[in-house]
Amino acid sequence: MDKDKLQIAISSATPEQLGATLAQRVVRLREIRNMTQKDIVKSSPRFTLERVQDIESGVETWLSSSDRQLLARALVVDPVILQEVETRPRYSAESDAAMMLSKEADITESILMGARELECPRCGNILRCRVQEGLDMDGQPVYLAKAFCQKCPYVLK
Ligand SMILES: [Zn+2]
């Protein structure tokens with residue numbers, strides 16, 4: 001296959017076909033390119049053979065942007081192909097949820113103070129905000145902070 005056909009084969013491949021993890025994807029792409037681990041080292045001397053093996057065995061699950069560019073260039077793919085399956089060491093689900101709650105508390109407070117455009121806690125895009133007036137069970141006025149993201153499904157209720 002010539003290079004153009006390979007490019008089409010990769011761009012039309014489903015995420016499953018290319019692999020769902022960085023490790024699987026690098027192995028798949030390398031095989032599609034008919035390259036050995038040594039070939040990657042040869043075309044990107046910054047990568048040692050051990051490093052390539054670490055990536056392919058899943059020890060390393062994300063790359064710095066310069067490393068990603070080099071590896072993507074060696075595999076002749078768009079860096080996004082690698083980036084979309086990278087996973088960073090993350091906090092536990094509980095601390096994520098706690099962090100979201102504390103962000104939402106900040107957002108709520110800012111909205112009630114008058115902010116109308118804040119940063120979405122999910123995606124960082126603009127959050128449209130408003131204050132909704134209502135009555136509580138005793139007929140007292142209450143003010144509720146409402147917000148929704150313009151880019152992602154995030155809604156502050
Ligand atoms: Zn968002």
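What share of the contacts in the protein chain with a separation of 6 or more comes from residues 24 or more positions apart? I looked this up before anything else. The figure is 47%. I note that the model is predicted.

**Entry: domains.** I checked how the chain is divided. Domain 1 covers 3-83 and domain 2 covers 93-156. I then took their C-alpha centres, which lie 40 Å apart.

**Entry: elements.** I counted eight helices and four strands in the protein chain. I read their order from the N terminus as α-α-α-α-α-α-α-α-β-β-β-β. The radius of gyration came next. For the protein chain it is 23 Å, well over the 15 Å that the globule rule gives for 157 residues, so the chain is more spread out than a compact globule.

Entry: I looked up the box along the principal axes. The C-alpha atoms fill roughly 75 × 30 × 25 Å. I also looked up burial. Of the 157 residues in the protein chain, 13% are buried.

**Entry: helix 8.** I picked out helix 8, residues 93-112. Its 20 residues reach 28 Å from the first C-alpha to the last. That is close to the 28 Å expected at 1.5 Å a residue. How many of the 20 residues of helix 8 are buried? I found two, so helix 8 lies largely in the open. The count uses a cut-off of 20 or more other C-beta atoms within 10 Å of a residue's own.

Entry: I followed the backbone onward.

Terms used: Residues numbered from 1 in each chain as written. Predicted model: local features only at pLDDT ≥ 70, side-chain atom pairs only at ≥ 80, totals over all residues. Domains from an automatic or database assignment. Rg over C-alpha atoms; globule rule 2.2 N^0.38 Å. Buried ≥ 20, exposed ≤ 12 C-beta atoms within 10 Å, placed from the backbone. Contact = placed C-beta atoms within 7 Å. Expected span 1.5 Å × (residues − 1).
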